[in-house]
Amino acid sequence: MAVTRMTDLSTLTSWHADWKGLRVVVLGLSVTGFSVADTLAELGAEVLVVTERADAEYSRLLPVLGVNLHEGPLETVPAEMADFAPEVVVASPGFPPHHPVIAWTQERGIALWGDVELAWRVRDKVVRADGRPADWVLITGTNGKTTTTRLTAEMLMTAGQRAVPVGNIGTPVLDAVRDPSGFDVFVVELSSHQLWYLNLQTGSDALSPHSSVCLNLADDHLEWHGGADAYRSAKAGVYARTRVACIYNKADVATREMVEDAEVIEGARAIGFDLGVPGPSDLGVVDGILVDRAFLEERATSALELTTVADLAERGLAAPHMVANILAASALARSLGASPAHIHDTLERFRLDPHRIQVVGVHRGVTWVDDSKATNPHAAASSLAAYPGAVWVVGGLLKGVDLGDLVRARGASVRAVVVIGTERDEIVTAFERHAPAVPLFEVDHAETEDVMARVVELAAGVARDGDTVLLAPAAASFDQFASYSDRGDRFAEAVQVWIAGHDGDSRPHD
């Protein structure tokens, strides 16, 4: 195996560095993998994409970029990858630490990056008028990441800054870095998977965000990480080297401890938020008013009004977890100069994405709510708190997470439970143990097309005037649906079909 050159990776901290000839294996060919391969090809690196399955459109474009592709099983390291002798492996976030190819890479001391580290290294491709690259804001948490990312970006745009939401929200950071129009701020949503890779960084030019937040912490993705401690450690990395503001959730001790333990840039402030009365250097709620006591000179004696809970309620944004997300986003935006008026104006027009506590139907006094994005117990608990006494639709792919604590805490207060998914036994057992008096219905339909029709039929049979039927699965969707959005769409469609079929039915429930 001939090696013609070994690159000093410590020199590759700029778009304008010498990337030519660097041998890079890119693992995965989804939207993230393609953005990595495209970027590296533009930089002049030698690139081999290794993936189990390649999207036809992406695989068709790779030869145009001068990138080679290996497609096939990855239970072992392909000979083509070993023979390529990569100097760097850039992995898509779907590859867990225990994956054979990841283990092989680390055992051989090959540099292992994620797409976010690569984006940071080349962040100066397009700079601002004063020559500085865009500031980075990092957002993670078990729940609420996407909403908070969108809110923060929109608040900054209202303030006249060129901000863009990127990362786990759907748009790869590399696509924004290479956008010729340029930006002032990248608002980066990070999954625990992306943070695991980011935490592998070494060197003096590791990612250093302007501000950062971990919104909350609860068990999730334990199979991927190998346990709760590893998951927490990955999330905590969001605060590393923060320069200005570490935002944390005062109601979640874990996030405060992350900030206390973080190695930050001297001068960075800890800014707390929760739904209580804020102290100096916090954001919170006073008599139904969301206020900032962190970003003003007279914070020891004064506070700035951002909006009111009543105003948020008019827009469907007053659920407790939503108010917490709004406070976190406000803190991030304030750290970058957005005014209270900018925040208020943004909230006047902000709307939630589909599948996030979205009302999809109201009929005969029953409200049907799609929160299919509640893919873990923590998110489902927030939804149940917002809709006490709901008919709860729960279940799916549990990802190694135990729902027993959730059922013990919230199960007894629901009117009834409808259990879906291929892993129903654990949920049924939890209700038998912790909430045996709650009526329970199982949906044993195996076909995706039939599941939600049966869910709606069962839920409609038990819901009463004034009730809410809440899809908050506390589980991933991939056992029966293409995605959480597919699951939510099918729920909404089934609700509308049922309503249309009972539109003239004014009979009371038995």
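Is R128 buried or exposed? In this predicted model, R128 is buried, with a relative accessible area of 12%. R128 pairs with D135 in a salt bridge, and the closest N and O atoms are 3.6 Å apart. D135 is also buried, because its relative accessible area of 13% falls under the 20% limit.

The structure holds 25 salt bridges. Side chains of opposite charge can pair when their charged atoms come close. R132 and D130 provide another case, with their side chains meeting at 2.5 Å, N to O. R132 is partly exposed, at 41% relative accessibility. Salt bridges also form a network, which links D38, E42, K125, D175 and R178.

A further salt bridge joins E442 and R424, whose closest N and O atoms lie 2.8 Å apart. E442 is in strand β19 (residues 440-442) and R424 is in helix α17, so the pair ties together parts that are 18 residues apart in sequence. R424 is buried, with a relative accessible area of 18%, whereas E442 is partly exposed, with 36%.

Helix α17 spans residues 424-434 and also holds E426. E426 contributes to a negative surface patch, together with D219, E223, D402 and E423. The relative accessibility of E426 is 35%, so this residue counts as partly exposed. That value also passes the patch cut-off, because patches take residues with over 30% relative accessible area and no salt bridge.

Strand pairing was examined around β4. Strand β4 covers residues 88-91. Its side chains point two ways: V88 and V90 to one side, V89 and A91 to the other. All four are buried. In a regular strand the side chains alternate between the two faces of the sheet.

Strand β4 has parallel partners in β1 and β5. Strand β1 (residues 23-27) pairs with β4 over four bridges, in the parallel sense. Here A91 of β4 is the bridge partner of L27. Strand β5 (residues 111-113) runs parallel to β4 and is joined to β4 by three bridges. In this pairing, A111 of β5 is the bridge partner of V88. V88 and A91, named in these two pairings, point opposite ways from β4 and are both buried.

Key: Residues are numbered from 1 along each chain as its sequence is written. This is a predicted model: local features need pLDDT of at least 70, side-chain atom pairs count only at pLDDT 80 or more; totals for chains, interfaces and linings use all residues. Side-chain values use heavy atoms; hydrogens and water are left out. Patches are made of residues with over 30% relative accessible area and no salt bridge: like charges are joined within 9 Å, nonpolar side chains (Val, Leu, Ile, Met, Phe, Trp, Tyr) within 5 Å. Accessible areas come from the Shrake-Rupley method with a 1.4 Å probe; for residues, only the protein chains shown count as cover. A salt bridge is a side-chain nitrogen of Lys or Arg within 4 Å of a carboxyl oxygen of Asp or Glu. Lys and Arg count as positive and Asp and Glu as negative; His and the chain ends are not counted. The place of a charge is taken as NZ of Lys, CZ of Arg, CG of Asp or CD of Glu. Buried means under 20% relative accessible area, exposed over 50%, partly exposed in between (1.4 Å probe, protein chains only). Two strands pair if DSSP finds at least two bridges between them.
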